[in-house]
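These notebook entries record what I looked up in one structure. I begin each entry with the terms that it needs.

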Amino acid sequence: MASPRIALERVRKAYGSYVALDDVSLDVRPGEFLTLLGPSGSGKTTLLMAIAGFVRPEAGAIRIGDVDITRLPVNKRNIGIVFQNYALFPHMSVLGNVEYPLLLRRRPRAEARERARAALARAQLAGYETRDIAALSGGQRQRVALARAVVFEPRVLLMDEPLSALDKNLREQMQFEIRKLQQELGITTIYVTHDQREALTMSDRIAVMNAGRIEQLDAPQPIYQRPTSRFVAEFMGESNIIPAALVEPFGSPPPFVGTLVIRAENLALEREAAGGDGVAINGRVAAHAFRGESWHLRLTVAGERDLLLSIPSGKSLDCTGIQAGQRVTAYAAARHIHRLDDGPQP
Ligand code: ADP
Ligand code: MG
């Protein structure tokens, strides 16, 4: 059975006077891995739970394929869910947890057992069937939750920050495992995270959320390289937002107008290292730190907020000799300068 699209049309949800979802429209393509990315409180969980049926919107429509599910009860939606806290049954074995959705759907016990075993094997948990949930590590619990979410072959998979409790290495490993499983199943998936790196790593497209709205919806590279709003530029890692009046052109770049965005890793301390014609910004070193793969520099720039630089430590310039208070010039090539449409004009 082909995976369906998911369509939200002006979905609205308020808690009292607080608007958690502000007329959100979204089209998730069949088989797509779409991530809702945003800070805490931006409405990610509310949006996911509206699709799952645990949150009832005041207005708008939600469709899976051609079916309007806006008023369908949770158990009729055929959606696999991995909740933020896994929500496993602690008194049941691993197998018991994964069989449960099938028994709930009145599948015969033998079939349920067979399919649960297959789902566990797929989630790299063959041999763990009789274990207690309490005896599992965080990563193993996460895999059980994933197996339980897909065992009944749902049409759609929803995951709410499933990796937030895991340490960094395991989290990165699980990002690839989840993505691989999702691709093997070809299941339309909405994934929630507040971690931009995780979103960039896993997604076909990312919807950046802010205050109950989707600020930008795009593939990982455009989201990172061409943010359309100040919020997205600031949320996606280290970006500098600079009025054009503050920069001096060098070489023969096109004219710069309006508010510019330059990522920290696209600034260099040498003209040649910037990689082409562009802009120069004078400043003074306010702070510098060695971060392993890079040097981090903060420059004070005339009357503006600080400029952040990330200089690869393996490349030409050695920043060991940099002193606080030192005057330096930061350079960026024209192709790394992105114009912001909604920023205030200088
Ligand atoms: P996120 O998952 O992005 O952190 P949520 O969707 O959980 O955000 O919450 C969005 C906003 O709605 C938050 O300000 C939160 O406090 C509020 N909120 C969420 N659930 C409820 C609720 N049941 N009652 C009142 N306010 C809620
Ligand atoms: Mg949440």
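I take contact to mean heavy atoms within 4.5 Å. The model is predicted, with local features needing pLDDT of at least 70 and side-chain atom pairs counting only at pLDDT 80 or more, while totals for chains, interfaces and linings use all residues. Residues are numbered from 1 along each chain as its sequence is written, chains are lettered from A and ligands numbered from 1 in the order in which they are written, and side-chain values use heavy atoms, with hydrogens and water left out.

**Entry 1: the chain as a whole**

I noted nine helices and 18 strands in the chain. Helices (H or I, at least four residues) and strands (E, at least two) are DSSP runs, numbered from the N terminus. Along its principal axes, the C-alpha trace spans about 75 × 45 × 35 Å. Of the 346 residues, 49% are buried; buried means under 20% relative accessible area, exposed over 50%, and partly exposed in between, with a 1.4 Å probe and protein chains only. I also looked up the accessible surface, which comes to about 16,500 Å², with 49% of it belonging to carbon and sulfur atoms. Such areas come from the Shrake-Rupley method with a 1.4 Å probe, and for residues only the protein chains shown count as cover. Among contacts between residues at least 6 apart in sequence, 67% join residues at least 24 apart.

**Entry 2: the largest nonpolar core**

Which residues touch the most other members of the largest nonpolar core? I found Val98, Leu120, Val144, Met159, Ile178 and Tyr191, in a core of 34 residues. A nonpolar core is a set of buried Ala, Val, Leu, Ile, Met, Phe, Trp, Tyr and Cys residues joined through side-chain atoms within 4.5 Å. Helix 2 (94-104), helix 3 (109-122), helix 4 (138-150), strand 7 (156-160) and helix 5 (168-185) each supply at least two residues of this core. The largest share, six residues, comes from helix 4.

I then followed Val98. Leaving aside neighbours within four places in sequence, Val98 is in contact with Ala116, Ala119, Leu120, Val144, Ala147, Arg148 and Val151. Apart from this core lies another, of 27 residues, among them Val11, Leu47, Val55 and Ile190.

**Entry 3: helix 2**

Helix 2 is mostly covered, with eight of its 11 residues buried. The buried residues are Val94, Leu95, Gly96, Asn97, Val98, Glu99, Pro101 and Leu102. Their cover includes helix 3 and helix 4. After helix 2 comes Arg106, with a positive phi near 60°.

Is Glu129 buried or exposed? Glu129 counts as buried because its relative accessibility is 12%. I located Glu129 in the loop between helix 3 and helix 4. A polar atom of its side chain lies 2.9 Å from the backbone nitrogen of Gly127. I count a polar contact as a pair of N or O atoms within 3.5 Å; within protein, one must be able to donate a hydrogen and the other to accept it, and residues adjacent in sequence count only if both atoms are side-chain atoms. Beyond its neighbours within four places in sequence, Glu129 is in contact with Ser93, Val94, Leu95, Arg117 and Leu120.

Thr189 sits in strand 8 (residues 188-193). With 0% relative accessibility, Thr189 counts as buried. The side chain of Thr189 reaches the backbone oxygen of Ile187 at 2.9 Å. Not counting residues up to four places away in sequence, Thr189 touches Val28, Glu32, Phe33, Leu34, Leu157, Met159 and Gln182.

Which residues are around ligand 1? I listed Tyr15, Tyr18, Ala20, Pro39, Ser40, Gly41, Ser42, Gly43, Lys44, Thr45 and Thr46; a residue is near a molecule or strand if one of its heavy atoms lies within 4 Å of it. By class, this shell has four nonpolar, six polar and one charged residues. Ala, Val, Leu, Ile, Met, Phe, Trp, Tyr, Cys and Pro count as nonpolar, Asp, Glu, Lys and Arg as charged, and the others, Gly among them, as polar. Strand 2 (18-28) and helix 1 (44-52) each supply at least two residues of the shell, and the largest share, three residues, comes from helix 1.

- A nitrogen atom of ligand 1 is 3.4 Å from an N or O atom in the side chain of Tyr15.
- An oxygen atom of ligand 1 lies 2.7 Å from a backbone N or O atom of Gly41.
- An oxygen atom of ligand 1 lies 2.8 Å from a polar side-chain atom of Lys44.

The protein covers 59% of the 570 Å² of accessible area that ligand 1 has on its own.

In helix 1, eight of the nine residues are buried, including Lys44, Thr46 and Leu47. Just after helix 1, Gly53 takes a positive phi of about 105°.
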